[in-house]
Amino acid sequence: MREILLLKNGEIVLKGLNKKRFEDRLLLNIKSRISSFGKFKLEISQSTITISPDENSSVDDIIPVIKKVFGIVSFSKAVIAEKNFEDVKKLTIDYLKEDLSILKTFKVEAKRSDKKFYMTSPEISRELGGYILENFPHLHVDVHNPEITVTVEVRDFGIYIRKNSEKGLGGIPTGTGGKATIMISGGIDSPVAAWMMAKRGISLTAVHFSSPPYTSIKAKQKVIDLLKKVSQYSGSIKLFNVGFTTAQESIKKYCQEEFFTIIMRRIMMRVSEIISVNEGCSALITGESLGQVASQTINAIDCTNRVVSMPVFRPLIGMDKEEIVEISRKINTFDISIMPYEDCCTVFTPRHPKLNPRVYLAEKEESKLDIEKIVRDCIQNCEIIEIN
């Protein structure tokens, strides 16, 4: 008796004529994630993916990985019975005896997609439930809140017997939504924004701005560690670590202090857009949440948007900090994000930043700088790091 794993697609089933493209990408993502754990056969039918291990592999080994694959709404372990009810009864008892021996309540659900099978779904539920009670008389049926739900799925090629389902991440497969660039600092917000966009099918490139000696090697490593956590869900990420020291020193030297942050972010947006275009990305992603800090007011966001032409996704824009922290804990980035290594956004922070900057005033301050040269130098001063 060899266990298999059943994966249920989420919103992929709604994709109509495009469904196969999403299913193929999901299968590819799963194969790449589980390949190092042994040999597995993957099949898809009726919005269900079946993963069957060979004799040297186990589905238990790959469950932690499956929990981090976008596009799966639920999953469960199962066994396959022959197309006769006697085999279903015997295999159910053999497969679930450890669970049924220690639990107190259960129910049986039957789903018959093969309408040629000689028993209806209610008949399967009734007969199998009675058989379980005969073998485990201590059990009680609870149709509303059972400790275990025994599910029988009658399909064309066999009958699945499965345990309780576990919830998957949902979303759509990474790689089906195009490519975008996450502007990642080292704080709590941007890794969450990256994760949320990967959940919507986006393949990620990352840009980080470093300002040595004002920022340390530990700050860069912190960003690498954050992206490693995100990549467990999104797949590999190419990180562009941009040297930003000269740019910030120029801003401090020539511009009014209250405009430091706005001008810094406008330059960052320009640099990130160029990297995005070169990498085939179609949008930028930031971790901004409206009103959270001075650079995230409506006017400040407008000022930064004006310097780029590609879309800027801000998936956290309407979330409060508590909601963002909750997700960061869920994806295991929170403890890294709060490590006390400052990023370049804290360098030369103005004492009284401009809360509602006007675009023409920001442009007036920028005219004091050779923006084209600063951007060009930033692009040329990039370190590329592959995050797998």
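Strands S2 and S3 form a hairpin with two residues between them. Gln 46 sits in that turn and has a positive phi of about 55°. S2 covers residues 40-45 and S3 covers residues 48-53; they run antiparallel and are joined by six bridges. Phe 40 faces Pro 53 of S3. Helices (H or I, at least four residues) and strands (E, at least two) are DSSP runs, numbered from the N terminus. Two strands pair if DSSP finds at least two bridges between them.

This is a predicted model: local features need pLDDT of at least 70, side-chain atom pairs count only at pLDDT 80 or more, and totals for chains, interfaces and linings use all residues. Residues are numbered from 1 along each chain as its sequence is written, and side-chain values use heavy atoms, with hydrogens and water left out.

An open sheet has six strands, in the order S14-S13-S10-S11-S12-S15, with mixed pairing. Strand S14 (312-313) and strand S15 (382-387) are at the edges. Each has a single partner strand, so one side of each is left without a neighbour in the sheet. Further in, strand S10 (residues 179-183) pairs with strand S13 (residues 284-285) in the parallel sense, over two bridges. Thr 181 has Leu 284 as its bridge partner in S13.

Ser 190 belongs to helix H5 (residues 189-199). A polar atom of the Ser 190 side chain lies 3.2 Å from the backbone nitrogen of Ser 185. Ser 190 also touches Ile 182, Met 183, Ile 184, Ser 185 and Gly 287, leaving aside residues up to four places away in sequence. Contact here means heavy atoms within 4.5 Å.

How buried or exposed are some individual side chains? The table gives relative accessible areas. Buried means under 20% relative accessible area, exposed over 50%, and partly exposed in between (1.4 Å probe, protein chains only).

| Residue | Relative accessible area | Class |
|---|---|---|
| Ser 190 | 4% | buried |
| Met 268 | 3% | buried |
| Cys 303 | 0% | buried |
| Cys 382 | 25% | partly exposed |

Met 268 lies in helix H8 (residues 260-278). Met 268 and Ile 148 are 120 residues apart in sequence, and their C-alpha atoms are 53 Å apart in space.

Helix H9 (residues 298-305) has these buried residues: Asn 299, Ala 300, Ile 301, Cys 303 and Thr 304. They pack against H8 and helix H12 (359-366).

How many disulfides does the structure hold? It holds zero. A disulfide is a pair of cysteine sulfur atoms within 2.5 Å. Cys 303 is in none; the nearest cysteine sulfur, that of Cys 255, is 13 Å away. Cys 382 is in none either, with the nearest cysteine sulfur, that of Cys 378, 7.7 Å away.

The second largest pocket has a volume of about 260 Å³. Its lining counts 16 residues, and Ser 203, Leu 204, Ser 234, Gly 235 and Ser 236 lie nearest its centre. Helix H1 (19-34), strand S11 (203-210) and strand S12 (237-243) are the elements that give two or more residues to this lining. H1 gives the most, with four residues. On a 1 Å grid over the protein atoms alone, a pocket is an open set of points where a 1.4 Å probe fits, with protein on both sides within 12 Å along at least five of seven lines; lining residues have an atom within 4 Å of a point.

Note on methods
A polar contact is a pair of N or O atoms within 3.5 Å; within protein, one must be able to donate a hydrogen and the other to accept it, and residues adjacent in sequence count only if both atoms are side-chain atoms. Grid points are joined across faces, edges and corners, and a volume is the space filled by probe spheres set on the points.
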